[in-house]
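Please read the following report alongside the sequence and the model. It covers strands, ring contacts and a ligand site.

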Amino acid sequence: MIVALDFDDVAAAETLVASLPVGRCRLKVGKELFLRAGPEVVRRWSVAGWDVFLDLKFHDIPNTVAGACRAAADLGVWMVNVHTLGGPAMMEAARAAVDAGGHATLLTGVTILTSHSDADLERIGIAGPVDAAVSRLGGLAVEAGLDGVVCAAREAASMRALGGPGFRRVTPGIRPAGVAAGDQSRVMTPAAALAAGATDLVIGRPITRAVDPPAALASAEAELSGAGDAPGL
Ligand code: C5P
(Lines give C-alpha, C1' and ligand atoms only; values in the text may rest on other atoms or scores of the structure.)
Protein backbone atom coordinates (compact mmCIF):
# COMPACT_ATOMS: atom_id res chain seq x y z
CA MET A 1 0.00 0.00 0.00
CA ILE A 2 1.29 3.45 -0.94
CA VAL A 3 -0.16 6.40 0.99
CA ALA A 4 -0.52 9.49 -1.22
CA LEU A 5 0.64 12.48 0.82
CA ASP A 6 -1.39 15.14 -0.98
CA PHE A 7 -0.87 17.92 1.56
CA ASP A 8 -0.37 21.65 1.04
CA ASP A 9 1.12 21.82 4.52
CA VAL A 10 4.46 20.15 5.21
CA ALA A 11 3.82 19.96 8.97
CA ALA A 12 0.59 18.02 8.40
CA ALA A 13 2.41 15.56 6.18
CA GLU A 14 5.19 15.16 8.77
CA THR A 15 2.60 14.57 11.52
CA LEU A 16 0.89 11.86 9.49
CA VAL A 17 4.15 10.13 8.61
CA ALA A 18 5.25 10.28 12.27
CA SER A 19 2.01 8.52 13.26
CA LEU A 20 2.88 5.49 11.09
CA PRO A 21 5.54 2.91 11.96
CA VAL A 22 8.37 3.08 9.40
CA GLY A 23 7.90 0.52 6.66
CA ARG A 24 4.25 -0.16 7.44
CA CYS A 25 3.31 1.29 4.07
CA ARG A 26 5.04 3.29 1.37
CA LEU A 27 4.76 7.06 0.84
CA LYS A 28 3.86 8.91 -2.35
CA VAL A 29 5.07 12.49 -2.76
CA GLY A 30 3.49 14.37 -5.63
CA LYS A 31 3.95 17.79 -7.15
CA GLU A 32 2.11 19.77 -4.48
CA LEU A 33 4.01 18.50 -1.46
CA PHE A 34 7.32 18.36 -3.35
CA LEU A 35 6.99 22.02 -4.35
CA ARG A 36 6.20 23.01 -0.79
CA ALA A 37 8.56 20.71 1.11
CA GLY A 38 11.40 20.37 -1.40
CA PRO A 39 13.72 17.42 -1.89
CA GLU A 40 15.07 17.45 1.66
CA VAL A 41 11.97 15.92 3.21
CA VAL A 42 12.06 13.18 0.56
CA ARG A 43 15.70 12.50 1.33
CA ARG A 44 15.03 12.50 5.08
CA TRP A 45 12.13 10.04 4.85
CA SER A 46 14.19 7.81 2.56
CA VAL A 47 17.15 7.86 4.96
CA ALA A 48 14.73 7.09 7.81
CA GLY A 49 13.80 3.88 6.01
CA TRP A 50 10.64 4.86 4.16
CA ASP A 51 10.10 3.72 0.58
CA VAL A 52 9.17 6.96 -1.20
CA PHE A 53 7.43 7.04 -4.58
CA LEU A 54 8.31 10.41 -6.13
CA ASP A 55 5.29 10.95 -8.38
CA LEU A 56 6.36 13.88 -10.58
CA LYS A 57 5.45 12.24 -13.93
CA PHE A 58 8.38 13.63 -15.91
CA HIS A 59 7.56 14.47 -19.56
CA ASP A 60 10.21 16.43 -21.44
CA ILE A 61 13.03 15.89 -23.93
CA PRO A 62 15.13 12.77 -23.22
CA ASN A 63 18.17 14.61 -21.87
CA THR A 64 16.11 16.66 -19.42
CA VAL A 65 14.11 13.67 -18.16
CA ALA A 66 17.29 11.62 -17.81
CA GLY A 67 18.77 14.34 -15.58
CA ALA A 68 15.60 14.57 -13.51
CA CYS A 69 15.49 10.79 -13.02
CA ARG A 70 19.14 10.74 -12.03
CA ALA A 71 18.47 13.48 -9.46
CA ALA A 72 15.46 11.56 -8.10
CA ALA A 73 17.46 8.35 -7.78
CA ASP A 74 20.25 10.25 -6.02
CA LEU A 75 17.65 11.32 -3.42
CA GLY A 76 17.30 7.65 -2.57
CA VAL A 77 13.68 7.25 -3.61
CA TRP A 78 12.16 3.79 -4.01
CA MET A 79 10.27 4.70 -7.18
CA VAL A 80 10.14 7.56 -9.68
CA ASN A 81 7.92 7.91 -12.72
CA VAL A 82 7.75 9.45 -16.17
CA HIS A 83 4.83 9.98 -18.51
CA THR A 84 4.87 7.38 -21.29
CA LEU A 85 3.56 10.01 -23.73
CA GLY A 86 7.11 11.37 -23.64
CA GLY A 87 7.89 8.48 -26.00
CA PRO A 88 10.38 5.61 -26.33
CA ALA A 89 13.56 7.70 -26.57
CA MET A 90 12.63 9.59 -23.41
CA MET A 91 11.81 6.39 -21.51
CA GLU A 92 15.03 4.71 -22.67
CA ALA A 93 17.05 7.75 -21.55
CA ALA A 94 15.28 7.66 -18.17
CA ARG A 95 16.05 3.94 -17.82
CA ALA A 96 19.72 4.44 -18.67
CA ALA A 97 20.02 7.36 -16.24
CA VAL A 98 18.52 5.44 -13.32
CA ASP A 99 20.70 2.41 -14.06
CA ALA A 100 23.85 4.51 -14.43
CA GLY A 101 23.36 5.94 -10.94
CA GLY A 102 23.69 2.45 -9.48
CA HIS A 103 20.58 2.88 -7.32
CA ALA A 104 17.80 0.35 -6.88
CA THR A 105 15.19 2.98 -7.73
CA LEU A 106 12.23 1.60 -9.67
CA LEU A 107 11.15 3.46 -12.81
CA THR A 108 7.48 3.41 -13.81
CA GLY A 109 5.41 5.17 -16.48
CA VAL A 110 1.99 6.77 -16.36
CA THR A 111 -0.04 5.63 -19.37
CA ILE A 112 -3.26 7.60 -19.82
CA LEU A 113 -4.40 9.61 -16.80
CA THR A 114 -7.52 8.13 -15.24
CA SER A 115 -9.16 11.54 -15.57
CA HIS A 116 -9.09 11.23 -19.36
CA SER A 117 -12.01 9.85 -21.38
CA ASP A 118 -12.23 8.68 -24.99
CA ALA A 119 -13.56 12.15 -25.90
CA ASP A 120 -10.55 13.82 -24.27
CA LEU A 121 -8.16 11.66 -26.29
CA GLU A 122 -9.97 12.57 -29.49
CA ARG A 123 -9.73 16.29 -28.71
CA ILE A 124 -6.04 16.01 -27.85
CA GLY A 125 -5.40 13.98 -31.01
CA ILE A 126 -4.40 10.69 -29.42
CA ALA A 127 -5.76 7.55 -31.10
CA GLY A 128 -8.26 5.95 -28.74
CA PRO A 129 -10.20 4.45 -27.19
CA VAL A 130 -8.53 4.76 -23.79
CA ASP A 131 -8.00 1.01 -23.40
CA ALA A 132 -6.19 0.80 -26.75
CA ALA A 133 -4.04 3.82 -25.93
CA VAL A 134 -3.14 2.36 -22.53
CA SER A 135 -2.12 -0.94 -24.17
CA ARG A 136 -0.05 0.85 -26.81
CA LEU A 137 1.76 3.03 -24.24
CA GLY A 138 2.16 0.13 -21.82
CA GLY A 139 3.84 -1.82 -24.60
CA LEU A 140 6.28 1.04 -25.16
CA ALA A 141 7.03 1.09 -21.44
CA VAL A 142 7.81 -2.64 -21.53
CA GLU A 143 10.06 -2.19 -24.59
CA ALA A 144 11.94 0.66 -22.90
CA GLY A 145 12.65 -1.58 -19.91
CA LEU A 146 10.54 0.27 -17.37
CA ASP A 147 9.72 -1.57 -14.15
CA GLY A 148 5.98 -1.02 -14.46
CA VAL A 149 3.15 1.39 -15.10
CA VAL A 150 0.76 3.58 -13.16
CA CYS A 151 -2.69 2.65 -14.40
CA ALA A 152 -6.30 2.19 -13.37
CA ALA A 153 -6.94 -1.14 -11.64
CA ARG A 154 -9.22 -2.19 -14.50
CA GLU A 155 -6.16 -2.03 -16.81
CA ALA A 156 -3.88 -4.03 -14.49
CA ALA A 157 -4.57 -7.43 -16.05
CA SER A 158 -3.75 -6.27 -19.58
CA MET A 159 -0.55 -4.61 -18.31
CA ARG A 160 0.45 -7.89 -16.61
CA ALA A 161 -0.14 -9.71 -19.87
CA LEU A 162 2.15 -7.23 -21.65
CA GLY A 163 4.94 -7.02 -19.11
CA GLY A 164 4.73 -10.27 -17.17
CA PRO A 165 4.19 -10.82 -13.46
CA GLY A 166 7.26 -8.78 -12.41
CA PHE A 167 6.04 -5.69 -14.28
CA ARG A 168 4.45 -3.55 -11.55
CA ARG A 169 0.89 -2.26 -11.83
CA VAL A 170 0.62 0.76 -9.55
CA THR A 171 -3.04 1.70 -9.20
CA PRO A 172 -4.66 4.82 -7.71
CA GLY A 173 -8.42 5.21 -7.28
CA ILE A 174 -8.58 2.84 -4.29
CA ARG A 175 -11.52 3.17 -1.95
CA PRO A 176 -12.07 0.79 0.97
CA ALA A 177 -15.64 -0.49 1.26
CA GLY A 178 -17.97 2.20 2.60
CA VAL A 179 -15.65 5.15 1.82
CA ALA A 180 -16.88 7.91 -0.51
CA ALA A 181 -15.34 7.94 -4.00
CA GLY A 182 -14.92 11.73 -3.96
CA ASP A 183 -13.62 13.00 -7.30
CA GLN A 184 -12.36 9.56 -8.41
CA SER A 185 -14.68 8.06 -11.00
CA ARG A 186 -13.30 4.54 -11.50
CA VAL A 187 -12.69 3.22 -8.01
CA MET A 188 -12.07 -0.24 -6.62
CA THR A 189 -11.71 -1.57 -3.11
CA PRO A 190 -8.21 -2.73 -2.09
CA ALA A 191 -9.23 -6.38 -2.36
CA ALA A 192 -10.88 -5.90 -5.77
CA ALA A 193 -7.84 -4.04 -7.13
CA LEU A 194 -5.53 -6.80 -5.95
CA ALA A 195 -7.80 -9.41 -7.53
CA ALA A 196 -7.80 -7.35 -10.76
CA GLY A 197 -4.02 -7.62 -10.95
CA ALA A 198 -2.68 -4.52 -9.16
CA THR A 199 0.67 -4.93 -7.41
CA ASP A 200 0.87 -1.58 -5.57
CA LEU A 201 -2.22 0.25 -4.33
CA VAL A 202 -2.13 4.05 -4.08
CA ILE A 203 -4.55 5.29 -1.45
CA GLY A 204 -4.78 8.92 -0.40
CA ARG A 205 -7.69 10.66 1.26
CA PRO A 206 -9.33 7.54 2.76
CA ILE A 207 -6.23 7.41 5.00
CA THR A 208 -4.84 10.95 5.07
CA ARG A 209 -8.22 12.58 5.79
CA ALA A 210 -9.40 9.89 8.22
CA VAL A 211 -9.98 10.88 11.83
CA ASP A 212 -7.54 8.13 12.78
CA PRO A 213 -5.14 7.54 9.83
CA PRO A 214 -3.26 4.58 11.39
CA ALA A 215 -6.60 2.88 12.05
CA ALA A 216 -7.75 3.58 8.48
CA LEU A 217 -4.53 2.03 7.15
CA ALA A 218 -4.97 -0.99 9.42
CA SER A 219 -8.52 -1.41 8.22
CA ALA A 220 -7.44 -1.33 4.55
CA GLU A 221 -4.72 -3.87 5.38
CA ALA A 222 -7.28 -6.07 7.06
CA GLU A 223 -9.45 -5.92 3.96
CA LEU A 224 -6.45 -6.93 1.87
CA SER A 225 -5.48 -9.84 4.06
CA GLY A 226 -9.10 -10.90 4.16
CA ALA A 227 -8.54 -11.81 7.79
CA GLY A 228 -10.91 -9.22 9.19
CA ASP A 229 -8.51 -8.45 12.03
CA ALA A 230 -6.05 -5.61 11.47
CA PRO A 231 -2.55 -6.09 12.81
CA GLY A 232 -1.98 -3.88 15.83
CA LEU A 233 -0.21 -0.57 15.52
O1 C5P B 1 -6.99 10.65 -2.42
P2 C5P B 1 -6.88 9.62 -3.51
O3 C5P B 1 -6.86 8.20 -2.98
O4 C5P B 1 -7.90 9.83 -4.60
O5 C5P B 1 -5.43 9.89 -4.14
C6 C5P B 1 -5.00 9.25 -5.32
C7 C5P B 1 -3.60 9.69 -5.66
O8 C5P B 1 -3.20 9.07 -6.86
C9 C5P B 1 -3.43 11.18 -5.87
O10 C5P B 1 -2.13 11.53 -5.39
C11 C5P B 1 -3.50 11.36 -7.36
O12 C5P B 1 -2.75 12.45 -7.81
C13 C5P B 1 -2.85 10.06 -7.84
N14 C5P B 1 -3.23 9.63 -9.19
C15 C5P B 1 -4.55 9.39 -9.56
N16 C5P B 1 -4.84 8.99 -10.85
C17 C5P B 1 -3.84 8.80 -11.74
C18 C5P B 1 -2.51 9.01 -11.35
C19 C5P B 1 -2.24 9.44 -10.07
O20 C5P B 1 -5.46 9.53 -8.75
N21 C5P B 1 -4.12 8.37 -12.95
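This is a predicted model: local features need pLDDT of at least 70, side-chain atom pairs count only at pLDDT 80 or more; totals for chains, interfaces and linings use all residues.

Residues are numbered from 1 along each chain as its sequence is written, and side-chain values use heavy atoms, with hydrogens and water left out.

Helices (H or I, at least four residues) and strands (E, at least two) are DSSP runs, numbered from the N terminus. Buried means under 20% relative accessible area, with a 1.4 Å probe and protein chains only. Two strands pair if DSSP finds at least two bridges between them.

Strand β4 (residues 79-83) is mostly covered, with five of its five residues buried. Met79, Asn81 and His83 point one way from β4, and Val80 and Val82 point the other way. Strand β3 (residues 52-58) pairs with β4 in the parallel sense over three bridges, and Leu54 stands opposite Val80. β4 and strand β5 (residues 106-110) run parallel and are joined by five bridges; here Asn81 stands opposite Thr108.

Helix α4 (residues 62-74) forms a right-handed β-α-β unit with β3 and β4, and helix α5 (residues 88-100) forms one with β4 and β5. A crossover is right-handed if, with the strands pointing away from the viewer, the path from the first strand over the helix to the second runs clockwise.

In strand β8 (residues 200-203), Asp200 and Val202 point one way and Leu201 and Ile203 the other, and all are buried. β8 runs parallel to strand β1 (residues 2-4), with two bridges between them, and Ile2 stands opposite Val202. Strand β7 (residues 168-171) also pairs with β8 in the parallel sense, over two bridges, with Val170 opposite Asp200.

Arg209 lies over the face of Phe7, at 5.2 Å from the ring centre. For such a contact, NZ of Lys or CZ of Arg must be within 6 Å of the ring centre and within 35 degrees of the ring normal.

Around the ligand there are 13 residues, of which Asp6, Arg175, Gln184, Gly204 and Arg205 come nearest; a residue counts if one of its heavy atoms lies within 4 Å. The table gives polar contacts, which are pairs of N or O atoms within 3.5 Å.

| Side chain | Ligand atom | Distance |
|---|---|---|
| Asp6 | oxygen | 2.6 Å |
| Lys28 | oxygen | 2.8 Å |
| Thr114 | nitrogen | 2.9 Å |

Definitions and conventions. Buried means under 20% relative accessible area, exposed over 50%, partly exposed in between (1.4 Å probe, protein chains only). A polar contact is a pair of N or O atoms within 3.5 Å; within protein, one must be able to donate a hydrogen and the other to accept it, and residues adjacent in sequence count only if both atoms are side-chain atoms.
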